[in-house]
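Biologist: Hi! Could you walk me through this one in plain words?
Modeller: Happy to, here it comes.

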Amino acid sequence: MTAPIISFKDFSFQYNSQTEPTLRHVNLDIYPGEKVLIAGPSGSGKSTLGRCLNGLIPQSYPGTVTGSATVAGQDITQSSIFDLSMNVGTVLQDPDSQFVGLTVVEDMAFSLENDQQSQARMRTATAKWATTLDLQDLLTHRPQELSGGQKQRVAMAGVLIDNSKILLFDEPLASLDPASGKASMALVDQLTHTQDLTVVIIEHRIEDVLQQPIDRLIVMQDGGIVADDRPEAILRQSLMAQLGLREPLYLSALKLAGVNLDDCHHLDRLAELQVPGLTDKLQQWTAGVTLKAPVKHGQPLLTVKHLTFGYDPHAPIINDLSTTLYRGEMVSLVGQNGTGKSTLSNLITGFLQPQAGHMTFNDQPLETQSVKERADQIGYILQDPNQMISKTLIYDEVAAGLVLRGVDPATVEQRVFDVLKVCGLYEFRHWPISALSFGQKKRVTIAAILVLEPAMLILDEPTAGQDLQHYTEMMDFLTKINREKQMTIMLITHDMHLMLEYTDRTIVLGNGHILMDATPADVLTNDAIITQASLAQTSLYTLAAAHQIDPTEFVAKFVQAEREAR
Amino acid sequence: MQNQLLIGYDDRHTFLNRLSGSTKLLSFVGLSVIGMMTYDTRYLIGIMIFSLILFHFSKIKYRDVSFVMSVIIGFSVLNLVMVYVFAPHYGVDIYGTEHLLLGSSNHYFNLTTEQLFYEFNLLLKYTFAVPLALIFLMTTNPSEFAASLNKIGISYRISYSVAIALRYIPDVQSDYRTISLAQQARGFEISKKAPFMTRVRGGVQIMLPLIFSSLDRIEVISQAMELRRFGKGKKRTWYMAQKFQRNDYLALFVVALLILIGIALFKVNGGRFWNPFK
């Protein structure tokens, strides 16, 4: 057997800034040509492990290392980031923030420039990789102008140009729409074979990564490896939920239908899945579930009529858009990157002024209200909590809105404590915000808005960067305030799972119009809309279609069963 | 919505665009230095006309630069007024003669031809370099900007930081906008309606998140650069660096000639000033 290309032996690591080790006694061998998925809840140490692979640890993040770790034959404590980077190419989570070059071609050539290569050699290399990754027509564009999928291809080209044999992806799906994510995973799989790469993917969206074959799934928890096996074996034991990870949807469906997972073959590959008598079981289950009539929301809250907006009036981003949101609804707003989802929320909140159209909230016209007046009724939570937090202590941050509105101190304290309890932040109330994780910060920003008791909430990617546990907590919490306070909630998201399981209505935005406005199950079973809006079919659809069941009905029934189980 | 306050590069397909960035930078620096040193009016008018002709050929539209121009003109006029207020006899000191236009010689505020002539020279100095600077900034591809700084001897780390800082200006501007609106939504009044101190405090509220989000940005970008070996060697090459062409040598030759004429005029005039009053 060949020697491993990456080898960790009883490896532990403690950041100098932390009191406890982040990685504990890790033993891991990865062999050349393998495609490995590392998953785990936030704080499990998976990103830290990634930093060990590319040398950021211990070079940029100093700390204490025990045990040994070698990558491509080099001891990571002995070699520099520069040496390791010849062997390990890293694609970071957010391609936008890692572009250095002003144009695509310069960004691709960046590492060659640092190696002092001649211009002729740089031209040959960039031309070669532009062909491989289909970037020829984009070379002179600014990387920021590209779509999410194109950006990721540029980022890949920028590291593959070194001919490194190990490719490391840190949450590659986080900033992509579902269709681009799917395409990106397919490309990675193709490169693994054509370029003889060893690929390590750090990601918690397991189902999306498993769309392409994975050799090994490594699950981390509390700094250690708790599972290291072929994906099929881990899926069969139903370990995922136990380990704080989201199970693929089709697997949950199989379980609901009472399928014994031990009888299944190719459990990790839906396309090749073989289960004796599966069609009967699924059809039986579907026939046995009756769909309940959906809850009707009849009281209009926000009406939008003929709204038009564009930075360039000749190319409107929002073009003659009309819709109504009702009190107590939970709505998802989906669509391709850059299609105007955030623009629409900015128009509703008054951050941008429309060129035409009319909006009313609670029968009051919105045009005449200032940003602050609208904010009293419509809370908007930005995707990046760092853009919202302006105080250093949690209590002060949540209280700020009330204090500025001149509420008396006793009431402020009461309301802040109440909202902190609802958000699960009460114990942390005297903590500095800098000590919180990303997910906790996000909850602080939600608390700071909720305390103002708006009638409607708009959340931009509320669950991005959150593991299953925090995701479930956050969504249960939002569902609770939605039901109890009849608060209208609009979620802007790329997460098909989120829209399917938690929202009653989906608005699909494309080319400045509403392409479709229906239940999530209807949207996700409509091929034309899926293609137009860069969404992705869920595995439920594929499963239903393969077994002669009406996909829309099956998806709707599955969602109902899941919600009842919750 | 988005005003073009900052001046931007655009490929205008002129010979100035095709010159290498280093040539343009060297020419701009060289001509500015000699222009700042000399007070020879004939020479200053000469290079003023030269730079205006170049500006014409650069096909830069006046409305693209009108904002910058009006700021510069405003400051120049203010400066000329201040020079007169603080030193109304400086022209007389320099040129050694006194031709009174207004007032008498024992008044502090009088007006002499010498003073007017001196301030005219100042005006020429302030303005001749402006078209040259605009040409340099607006015809040099930003990608080439760092390469050309590096070529004239500035360390590549500094050159690259300058280029990256320029690239991040729009991002930081949009961050600022988002944060400011998010804070207004929370109830911070920072519009002109609020009293001055409230606005200042509101400004501070925006700075904190802006600094944090910028620091995040810097951390990510510097890691990304390190992971691609930025800073490994003492030197680096540049994909966009342009080799000197025949036109570059020609341009540098013309500029060198102009500078030599300037230096020769120091000898002829016996100093930095050309004195028409003698």
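Predicted model: local features only at pLDDT ≥ 70, side-chain atom pairs only at ≥ 80, totals over all residues.

Biologist: How far apart do the C-alpha centres of domain 1 and domain 2 of chain B lie?
Modeller: They lie 36 Å apart. Domain 1 of chain B covers 15-141 + 243-269, and domain 2 covers 156-226; such bounds come from an automatic or database domain assignment.

Biologist: OK, how many residues does each chain put into the contact?
Modeller: Chain A gives 58 residues and chain B gives 46, with contact meaning heavy atoms within 4.5 Å. About 5,000 Å² is buried between chain A and chain B, and carbon and sulfur atoms give 55% of that. Buried area is the accessible area (1.4 Å probe) that two parts lose on being put together, summed over both.

Biologist: And how many salt bridges cross that interface?
Modeller: The rule finds six between chain A and chain B; it asks for a side-chain nitrogen of Lys or Arg within 4 Å of a carboxyl oxygen of Asp or Glu. One pairs B:Arg229 with A:Asp115, with the closest N and O atoms 2.7 Å apart.

Biologist: Which helix of chain A supplies the largest share of its side touching chain B?
Modeller: That is helix 5, with ten residues. Helices here are DSSP runs (H or I, at least four residues), numbered from the N terminus.

Biologist: New topic: where does A:Thr479 sit?
Modeller: A:Thr479 is in helix 19 (residues 468-484) of chain A.

Biologist: Why does A:Thr479 count as buried?
Modeller: Because its relative accessibility is 11%, and buried means under 20% relative accessible area (1.4 Å probe, protein chains only). Not counting residues up to four places away in sequence, A:Thr479 touches A:Met330 and A:Tyr502. A polar atom of the A:Thr479 side chain also lies 2.5 Å from the backbone oxygen of A:Met475.

Biologist: Last one: which residues are buried in helix 24 of chain A?
Modeller: Among them are A:Phe554, A:Val555, A:Phe558 and A:Val559. What covers the buried residues of helix 24 includes helix 12 (249-256) and helix 13 (278-288) of chain A.

Notes:
Residues numbered from 1 in each chain as written. Chains lettered and ligands numbered in written order. Heavy atoms only, no water. Helix = DSSP H or I, 4+ residues; strand = E, 2+ residues; numbered from the N terminus. Buried < 20%, exposed > 50% of the residue type's maximum accessible area, 1.4 Å probe, protein only. Polar contact = N/O pair within 3.5 Å; in protein donor to acceptor, adjacent residues only side chain to side chain.
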